[in-house]
Amino acid sequence: MSEIKEGISRRNFLGGAGLAAIGAGMLGSGMLAGCAPAKTAGEKEGPSVSSESQGEWSGKSAYAQINPQEEIDASNSIGDLSKSEFARPFNIGKIEIANRFVKTAATSGVSNDEVQAVGYFGNIAKGGVGAVFVEGSYAFFDKIDTEYTVSTMGPDTRLTIEASPLEAVCKEIHSHNVPAFIQMKWGTPGLDNKWTNTPETGTQYMASEMTLDDIAMFTEDVANAARKLQAIGFDGIEINAAGNNTPGWFLSRFRNDRPADDPYGPASFESRTRFIGDLISGIKTACGEDFPVQVRMNGVEENDTDLGQDELISSVEESAELAKCLEAAGADSLHFILGVMGNHNAQFMGDGYFSGVGVAGANGFGTFFDFGKHFGGHLDGAHSGLGLMLGATEVIKKAVSIPVGAATYMDPAQAPDFFESALSDGRIDFLCINRPVANADNEYVHKFFENRLDEIRPCCRCLHCAADFGNHMGTTEGCRVNACKARAFTDEMPEGYEVPAGDGTKKVMVIGGGPAGMEAARVCAERGYSVSLYEKGALGGLLDFAESVKGKHEHLVQLKDWFVHQLDLAGVEVVTGKEVDAAFVREQKPDVVIVAVGGARQELGLSGTQATPVVPVSEFLMNEPGENVVVCGFNAQAYDTALYLLAHGKRVTIVANEPEEALGKGQSASLLGFTRPAFYAVGGRVLSMSTLDEVGDGEVKITNSAGVQLTLKADAVVNAVDMIPNTMLADELAGEFDVKCVGDCADPWDIQAAIATANLAARAC
């Protein structure tokens, strides 16, 4: 068990206010471009504010009141979860699924390399899910792909079914006694195909673009592909008729613009579902009537691009009628997602609507859903998207007798009682879950049924896993909390998911208790080393502060608590309240020193006034500023601070000597897709390629990108400029010890980068 020293109480160790200082900067950013040249660097930041001590400001913006958020009830009164509704088996066709956790098909970020693909899907199956649905982007179709579709990533990025790793993947999933299904999908944005008008502008796909010959070809090709997939071992098929995928163009009258008398037109529910019925019939003719087919479709739709213009979109009542037709056509189960027209990410990550504090419901187009009114009022928008689709599935389940599942923040570890009642009350039959089990913690289900909820590494819903192009670590489908995601069995992590055994007996000293330091200590201890961790404040770095600013939807304090518990389980000696210098390191005589003291904050080089103080970002929560606030910096900390201030009714200008596209750097591209338009919509002002020149009484002077000096009202200036590396201690120890510098002290960026660099460094010790 870990040991806590230096007189710090257990309560403070677990959740007290940390000291930001130099070592706390896990939300900092990398590129050096502040509001003005730095006067000094390496000075201490002031104390951060914990989620416990942070007082509520009185002001709230009108936007923050559209979908007010309530505390999620995390109760677990069930007792033994292995005997709960979650553990009860069910059937998809004649295939028995051992429990109610179904890993959905989703972009994995895994290549066609067989070792990597087998390791990824096998690790998920080993973790205890009831079924694994493999994504459909692994293989070409004979005609659809060769005649009609060319991937924008090049023709060689996908293989024929025979040449793909799918057979080995299927065999590996089965080795863990888990059924293997595979999704068939088509027409995803990013593909330049016959049925697309102008994909680069996001023009909607329309059903009229397919001729009757196209439909016949498509049906034949799908049947042939299903026969091949069955032959290599797959237990069933999922037809993706949701979102932007081709079969879904026919279901919604919004996209089905075929003539009224067309057999596949919008005149009746039967004609709208006929194309998918043809696909089901073709698959079952090719593979046998007992071969299961699941259909993925929109459960309830709303027009996000033109909010309120929803006459032609499918209400939940329409979806129920469509579901009845699909059951009659032979579908064995149904998987529902949120149906929106323009924001593709929201179609599979509807909880993205809750990505920014004070802008719950931001739909990516500068407008806001009111979940009490939009989507027919069937969605619960008060709990950060938790179980968002349950209101829709409750309606649809009354119309059909086949199993019904749904996606979007299906994370029962966050609220066991809530999801248990949804299953027992018959509102849903199975939980379609991806990010928590595929990315954050592959052992999620086993830990859940063993009542080890505090050992489940939480999914932060940061959306780094969703095609996060341009991120600092080079992994476009990485994971903030699990460095193995998209790295296992690559050159970065050739050993795969398992942490390699240690290289002999070593004494490892970790300096700094933010996410990077805790991850490094955890992994080194798992390798069998003797590990001590020193932190001059309390554990967590800026995670308490970050949750105070962001809100609880990213589970950052929960992540901190998970790390603390892991250190305890691993037997790491934890010493808080101890500032470490080179002399102390020499006294300890470690074999390896891992420095994780965080980055240093630059100074603005300007003095505040009594009327307009200059406040470090980690201190701005301590006292409510006046109405007008200037935030310096475009990094994640600055951006979150600006959103927080806007949510509390402040007038906010965010300024940096960087291009506008850098705003929010360090956040995932997908998350910014929701929150950036909202930032502007609620009145956030951005001055890019601009410098803060002077701070006066009640005003500041800023030179903008046109070279014009502006005078703005300002009651406070928040210094959230980029952090810079802080390697002084590491440099002093270099040559004497095996020193590794990780996280923000080496290269400030974000939490994902901090954890990843620490994990990789610990594996290399």
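**Reasoning about strands, pockets and a salt bridge**

Student: Which residue of E27 stands opposite Thr703?

Tutor: Gln709 in E27 stands opposite Thr703. This is a predicted model.

Student: What makes E26 and E27 a pair?

Tutor: Count the bridges. Five bridges join strand E26 (residues 699-703) to E27. Five passes the cut-off, so the two strands pair. They run antiparallel.

Student: Why do E25 and E27 stand at the edges?

Tutor: The open sheet has three strands, in the order E25-E26-E27, with antiparallel pairing. Strand E25 (691-695) and strand E27 (709-713) each have a single partner strand, so one side of each has no neighbour in the sheet. From one strand to the next, the twist averages 30 degrees.

Student: What is the order of the strands in the closed barrel?

Tutor: Eight strands run E4-E5-E9-E11-E12-E13-E14-E15, with parallel pairing. The twist averages 30 degrees from one strand to the next.

Student: How do you know that E4 and E5 pair?

Tutor: Strand E4 (residues 101-103) and strand E5 (residues 131-134) have two bridges, in the parallel sense. The cut-off is at least two, so they pair. Val102 has Ala131 in E5 as its bridge partner.

Student: Which strands does helix H9 lie across?

Tutor: Helix H9 (residues 390-397) lies across E12 (293-302), E13 (333-340) and E14 (404-406). Its angle to E14 is about 165 degrees.

Student: Why is the contact of Arg253 with Glu318 called a salt bridge?

Tutor: The closest N and O atoms of Arg253 and Glu318 are 3.1 Å apart. The limit is within 4 Å, so the pair qualifies. Arg253 sits in the loop between strand E11 (236-240) and helix H6 (269-287), and Glu318 in helix H7 (residues 316-328). The pair links distant parts of the chain, 65 residues apart. The structure holds 33 salt bridges.

Student: What lines the second largest pocket?

Tutor: The lining has 50 residues; Glu71, Glu547, Gly551, Lys552 and His553 lie nearest the centre. The pocket holds about 1,400 Å³ of space. Helices H14 (543-550), H15 (556-570) and H17 (636-647) are the elements that give two or more residues to the lining. H15 gives the most, with five.

Student: How do the lining residues of this pocket divide?

Tutor: They divide into 22 nonpolar, 16 polar and 12 charged.

Definitions and conventions. Residues numbered from 1 in each chain as written. Predicted model: local features only at pLDDT ≥ 70, side-chain atom pairs only at ≥ 80, totals over all residues. Heavy atoms only, no water. Helix = DSSP H or I, 4+ residues; strand = E, 2+ residues; numbered from the N terminus. Axes fitted to C-alpha atoms, helices over the stretch in contact; angles between N-to-C directions. Contact = heavy atoms within 4.5 Å. 1 Å grid on protein atoms, 1.4 Å probe; cavity = no way out; pocket = protein on both sides within 12 Å on 5 of 7 lines; lining within 4 Å. Points joined across faces, edges and corners; volume = space filled by probe spheres on them. Nonpolar A, V, L, I, M, F, W, Y, C, P; charged D, E, K, R; others polar. Salt bridge = Lys/Arg side-chain N within 4 Å of Asp/Glu carboxyl O.
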